[in-house]
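I opened my notebook to look up how this protein is put together.

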Amino acid sequence: DVRVGWTYVPTRTLGSVMGGQRGSEVGFHHIGEVEVSRLENGTVPAATMVAHAKKENKTLAWILRLVGFLLMWFGLRLALSPIAMALAFLPFLKKLAEVGIGVVTFLIALSLSLVTIAVAWFYFRPALSVVLLAGAAGAIGGVVYYRKKKRAASAST
């Protein structure tokens, strides 16, 4: 069974469509495996539609990068959480270990995420890749510095 509904739309500009024209029809076309199509309300110039599409893609890419970083951080924290549980017999040691694990896993996840993004961008944006790799090196340096500082503090007590 199929339910069919009808709606009256008065004559006016409903929207702008970006796609391939075939005769008198506008259809969506494919570039490789990607479907190229866009529909926006009102009269929108093609350049504006392309700018909107680029902005949406950029926003989605950064959201996915952030989600990937958070998942990596969460996974590393889960992998190292047994260390804090092993120290649970002394509550202050457990809290200290949890904070330390949180900081170290944050820096490791940050550096791994930056390396992943940099490698993915190396062909198209080599200068940005170098900056991201430098940031990853800085995060790794932060982990090393934190560990040395922690060892020095434990050796002095």
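Before counting anything, I wrote down that contact means heavy atoms within 4.5 Å. I also noted that this is a predicted model.

**Entry 1: the whole chain**

Next I checked the elements: the protein has three helices and six strands. Then I asked how much is tucked away: of the 157 residues, 18% are buried.

**Entry 2: H1 against H2**

I took helix H1, residues 46-86, and looked at how it meets H2. Their axes come within 8 Å and cross at roughly 145°. I noted the crossing of H1 and H2 as right-handed. Sorting the residues of this contact by class, I got 18 nonpolar, three polar and four charged.

**Entry 3: H2 against H3**

Which way do H2 and H3 run relative to each other? Helix H2 covers residues 91-121 and helix H3 covers residues 126-156. They pack at an angle of about 160°, and their axes are 8 Å apart. Angles over 145 degrees count as roughly antiparallel, so H2 is roughly antiparallel to H3. The crossing of H2 and H3 is left-handed.

I then looked up who makes the contact. From H2 the list includes Gly-100, Val-103, Leu-107, Ser-111, Leu-114 and Trp-121. From H3 it includes Pro-126, Leu-132, Ala-136, Ala-139, Ile-140 and Gly-142. By class, the residues of this contact are 19 nonpolar, five polar and no charged.

**Entry 4: the largest nonpolar core**

Which residues form the largest nonpolar core? I found six: Leu-114, Ile-117, Ala-118, Trp-121, Leu-132 and Ala-136. H2 and H3 are the elements that give two or more residues to this core. The largest share comes from H2, with four residues.

Setting aside neighbours within four places in sequence, Leu-132 is in contact with Leu-114, Ile-117, Ala-118 and Trp-121.

**Entry 5: Ser-111**

This one sits in helix H2. Is Ser-111 buried or exposed? Buried means under 20% relative accessible area, and Ser-111 is at 4%, so it counts as buried. Leaving out neighbours within four places in sequence, I found Ser-111 in contact with Ala-136, Ala-139 and Ile-140.

**Entry 6: Val-103**

I stayed on helix H2, where Val-103 is also found. Val-103 has a relative accessible area of 33%, so it is partly exposed. I checked its distance to Gly-142 too: the two C-alpha atoms are separated by 9.7 Å, though the residues are 39 apart along the chain.

**Entry 7: Ser-16**

For my last stop I went to a strand. Ser-16 has its place in strand E1, residues 15-18. Its relative accessibility is 10%, so Ser-16 counts as buried. What does Ser-16 touch, not counting residues up to four places away in sequence? I wrote down Arg-38, Leu-39, Glu-40, Gly-42, Thr-43, Val-44 and Met-49. Met-49 is 33 residues away from Ser-16 along the chain, and their C-alpha atoms are separated by 8.6 Å.

Methods. Residues numbered from 1 in each chain as written. Predicted model: local features only at pLDDT ≥ 70, side-chain atom pairs only at ≥ 80, totals over all residues. Heavy atoms only, no water. Axes fitted to C-alpha atoms, helices over the stretch in contact; angles between N-to-C directions. Parallel < 35°, antiparallel > 145°, perpendicular 65-115°, else oblique. Left-handed = near helix turned anticlockwise from the far one by under 90°. Nonpolar A, V, L, I, M, F, W, Y, C, P; charged D, E, K, R; others polar. Core = buried A, V, L, I, M, F, W, Y, C linked by side-chain atoms within 4.5 Å. Buried < 20%, exposed > 50% of the residue type's maximum accessible area, 1.4 Å probe, protein only.
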